[in-house]
Amino acid sequence: MRKRSAWIAIVTVAVSMFFTGCTREEQSTQATIANKVQPAYEKTFKDLQLGEAHFYRAFIPDGAEKWVHFGIDTYIGGELQEETQELSTGNFIESEDDKYDLGLVLMNHGEKILAQFNVDGTSTSMYELPKAKLEEGQGLSTSWEEALPEDEDVPLMEGEKRILGAYLMNTNGRIMYHDLSDAGQLKQAIRENQIMHILYMTLETVDKIPQ
């Protein structure tokens, strides 16, 4: 009886190790993105009325072989503007642990917003985004809405546009919040907010990195 119990225990451990190994292997090949909350930095940015600062962490196996794109789509009055701001397009530098730190800064600058993207400490150029025009006596309500759950890895499917968050602006004193990960609610948010700047990311594998 003891021998049989010992054998069952050995088989159970072996099966458990097998499935654990499969899970680790699956996790190690699935690219993910997560909202990386930095409360102190974000609060300081807001307290100084500089604008918005938001951070993410990406897990991208073989990052040097991937073509990664970050851009901002701008909607004004529910209409997509023709010109998309290309914040960053290219392949990541090879990372030993396949992890990358990302950051977006939106700074108030008169009638414009300056957007800058950061990948592992390297910043892009400043890009100008339109800001809601104010009539006399009007105030501007602004808010950032995350599209990713806090501190939770979300799978990145190659070729699919993944929305990371959106900057909302209204002059009517209201901000309309919706679940940006839901296609129907996203359309509703675009209709109900005067201006929406939507940050997104796409990931692709390419045979040859464009020069």
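## Surface and overall build

The protein has an accessible surface of about 13,000 Å², and 50% of it belongs to carbon and sulfur atoms; such areas come from the Shrake-Rupley method with a 1.4 Å probe, and for residues only the protein chains shown count as cover. This is a predicted model, in which local features need pLDDT of at least 70, side-chain atom pairs count only at pLDDT 80 or more, and totals for chains, interfaces and linings use all residues. Residues are numbered from 1 along each chain as its sequence is written, and side-chain values use heavy atoms, leaving out hydrogens and water.

You can look for three helices and 13 strands (DSSP runs of at least four residues, H or I, for helices and at least two, E, for strands, numbered from the N terminus). Of the 211 residues, 39% count as buried (under 20% relative accessible area; exposed is over 50%, partly exposed in between, with a 1.4 Å probe and protein chains only).

## Salt bridges across the chain

Side chains of opposite charge can pair when their charged atoms come close. The structure holds four salt bridges (a side-chain nitrogen of Lys or Arg within 4 Å of a carboxyl oxygen of Asp or Glu).

One of them joins Asp-153 and Arg-57, with the closest N and O atoms 3.2 Å apart. Asp-153 sits in the loop between strands E10 and E11 and Arg-57 in strand E2, so the pair ties together parts 96 residues apart in sequence.

Another links Asp-73 and Lys-161 at 3.0 Å between the closest N and O atoms. Here Asp-73 is buried, at 9% relative accessible area, whereas Lys-161 is partly exposed, at 47%.
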